[in-house]
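Hello,

Here is the structure I promised to hand over. Please take a look, then read my notes on its charged pairs below.

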Amino acid sequence: MKSARDSCPCGSTRRYAECCGPWHAGGPAPDPQSLMRSRYSAYVLCNEQYLLATWHPSTRPDTVPFSKNQKWLGLSVIDVSATGDASAEVEFIARSRVSNAAAVRQHERSRFVREGGRWFYVAGDFVR
């Protein structure tokens, strides 16, 4: 787990304790971009519990596989747009590398919904 003094894995300029840490500790992310960034951080930290808890029940998998050889290299948020009163999309690029393979880019437009005062990841489409 990250130390409160460490920089946040999501790439913000804030410390983990002031950025994604509170959401990982159970607080509701205030908006879709914060949820998306905290989910990226959860992938970096292999925090399956958080990923599953923030995945909408209609699309949630049973488990989240991690590769111990995967290194996350960075996150760029491209666009955030509201699609309704309680729905939004976030477009981002996440970069990673497995072992000594070439780095890859995951360019995705993810859909989020707010239910019961919490935002949930629903699904995403790869952008080419």
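A search of the whole structure turned up 5 salt bridges. Keep in mind that the model is predicted. Side chains of opposite charge can pair when their charged atoms come close.

Start with glutamate 18 and arginine 15. Their side chains form a salt bridge, at 2.6 Å from N to O. Glutamate 18 is partly exposed, at 43% relative accessible area. Arginine 15 is also partly exposed, with 39% relative accessibility.

Next, look at aspartate 79 and arginine 109. A salt bridge joins their side chains, with 3.1 Å from N to O. Aspartate 79 sits in strand β1 (residues 70–84) and arginine 109 in strand β3 (residues 104–115), so this pair ties together parts 30 residues apart in sequence. Aspartate 79 has a relative accessible area of 32%, so it counts as partly exposed.

Then comes the pair of aspartate 125 and arginine 111. Their side chains meet in a salt bridge of 2.8 Å, N to O. Here, too, distant parts of the chain are linked: aspartate 125 belongs to strand β4 (residues 118–126), arginine 111 to strand β3, and the two are 14 residues apart. Aspartate 125 is partly exposed, at 43% relative accessible area. Arginine 111 is partly exposed as well, at 29%.

Best wishes

Notes
Residues numbered from 1 in each chain as written. Predicted model: local features only at pLDDT ≥ 70, side-chain atom pairs only at ≥ 80, totals over all residues. Heavy atoms only, no water. Salt bridge = Lys/Arg side-chain N within 4 Å of Asp/Glu carboxyl O. Buried < 20%, exposed > 50% of the residue type's maximum accessible area, 1.4 Å probe, protein only. Helix = DSSP H or I, 4+ residues; strand = E, 2+ residues; numbered from the N terminus.
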